[in-house]
Each structure stands twice: as structure tokens, then as C-alpha cells.
Amino acid sequence: IEYTYGNLGLQYTLGNLESRGRLELAYDYDEFRYQNCRAFTRDRDRDVDTYRGTFFYRVASRTDALVELRYMEADFLSSPVNRPSFNSEETTYLVGLRWDPTAKTYGTVKLGFYDREFDNGERPGADGFRWEVDVVWQPRSYSTLRVGTRQASFETNGEGSFVESRVNKVAWDHAWSGRDRTALSLEWGNDNFADAPRDDDWSLAEARYTRSLRRWL
């Protein structure tokens, strides 16, 4: 299966990191065009528009409370044969905290819920809990531990109406000297294909060693 993917993103911020409050407005456009196996992929070409508005309010010297609203609209260029259209829209509501780097930690925690509806009523909608957590702990200037977890949804590339995805990640980066550095990461998750029997569990492990032979190499 071959396809081309294009993305355009814009973001505007009203206020700055020193403001008591600030507003971020963002827009993303994603385009998918499949190139072969058209008997199976002709109804997968799509345009996806995503709008996001986030309001940050400073509640402490380095901590912001936030409220976020997202709206996604998926427009498929053709409908499946003898099946309802995949065209859908999804609204996500989130609240949370974001704290800037302190002596050792920084990160973002967002909690909320989402609601997805399909243009064709024959495809059942879905709603549920949603979270996004990304926390970094730096016990030493040369050692960093990152922990993340999130729940998201995206358009299916095969079975089901869409995919509900849960992802967890732990990563450790350590500089042993001015020239040697190691990185270890473990990522695992679950992809559930809504309205289909398919349910995928997956994992990814990575170990990396980097040595600087010269300042520029």
C-alpha cells in the first residue's frame, strides 16, 4: 500500500509566558492520497481539518491551569461500496495543568472526554474519557526520565469505523561523559478498531548508544 501524506499547521498565540493568561489558537490540515491497490484504498482518500483553542491561566510562579477545546472533521472523498460513509467529526474537551522547568520536573497533564459522530447515522458514534500526560524528571543535569501516556483516536486504514488508541511510554536518557550518551525507551499500547473484532496490542523497545568522536562528528 503506497500513499502520499501532506500536513499544514498554523498556530497563533495571544500573550506570552510571562502573561497572567494567554490564548493559543491552532489549525492543522492533513491530506491522505493512496496511490495503488485502488480496489481496496479508493475509499480511504481523505482530508482532515483540526482546530484547537487552549487558554492558559497562571496559578503559580511556574504553573498554568489550562482549558482546551478541539474540533476535528474528517472528509473522505468517496464512500465505500454498499457501506455507509466514514465522514465524521470529533469534539474533545480537556482541562489540566502545565508547569515549566523547575529544579527537577516539568510537564503537562490533560484530562477530559471526547465525542465522535458520523455523518451517516448507520455508523454508531462514540464517546469516552481522554487523557494526555507527559512528565519529565531530571534528577541530574545529565540524566532525564520521561513518562507519558495518552488516549487518542484516528481514522481506520482497514477494519472498523475508526481506531481508539492507548499509548504508554517510558524513556531514559543519560550522558555518561562529555562524549558518551545512552538512551533507553519502552513504548506499548492498544489499538481497538471500533465496530470490528480486531484489537491490536503492540510494543516497541529501543536502546541507543552515541559517542562523540569530535565536536562536529
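Welcome! Tryptophan 131 is buried, because its relative accessible area is 17% and buried means under 20% (exposed is over 50%, partly exposed in between, with a 1.4 Å probe and protein chains only). This is a predicted model, in which local features need pLDDT of at least 70, side-chain atom pairs count only at pLDDT 80 or more, and totals for chains, interfaces and linings use all residues. Residues are numbered from 1 along each chain as its sequence is written, and side-chain values use heavy atoms, leaving out hydrogens and water.

**Aromatic pairs**
- Rings of Phe, Tyr and Trp (its six-membered ring) pair if their centres lie within 6.5 Å; planes under 30 degrees apart are stacked, over 60 edge-to-face, and the rest tilted.
- By this rule, the count is ten aromatic pairs.
- One of them is the tilted pair of phenylalanine 118 and phenylalanine 162, at 6.1 Å centre to centre with 45° between the planes.
- This pair links distant parts of the chain, 44 residues apart: phenylalanine 118 lies in strand 6 (residues 105-118) and phenylalanine 162 in strand 9 (residues 162-175). Strands are DSSP runs (E, at least two residues), numbered from the N terminus.
- Both phenylalanine 118 and phenylalanine 162 are buried.
- Phenylalanine 129 and tryptophan 131 form a tilted pair too, 5.6 Å centre to centre and 35° between the planes.
- Phenylalanine 129 counts as partly exposed, because its relative accessibility is 48%.
- Tyr3, Tyr5, Phe32 and Tyr34 are linked into a cluster by ring pairs.

**Charges over rings**
- A charge sits over a ring if NZ of Lys or CZ of Arg is within 6 Å of the ring centre and within 35 degrees of the ring normal.
- Arginine 46 has its charged end over the ring of phenylalanine 32, 4.0 Å from the centre.
- Arginine 22 lies over the face of phenylalanine 56, 4.1 Å from the ring centre.

How values were computed:
Helices (H or I, at least four residues) and strands (E, at least two) are DSSP runs, numbered from the N terminus.
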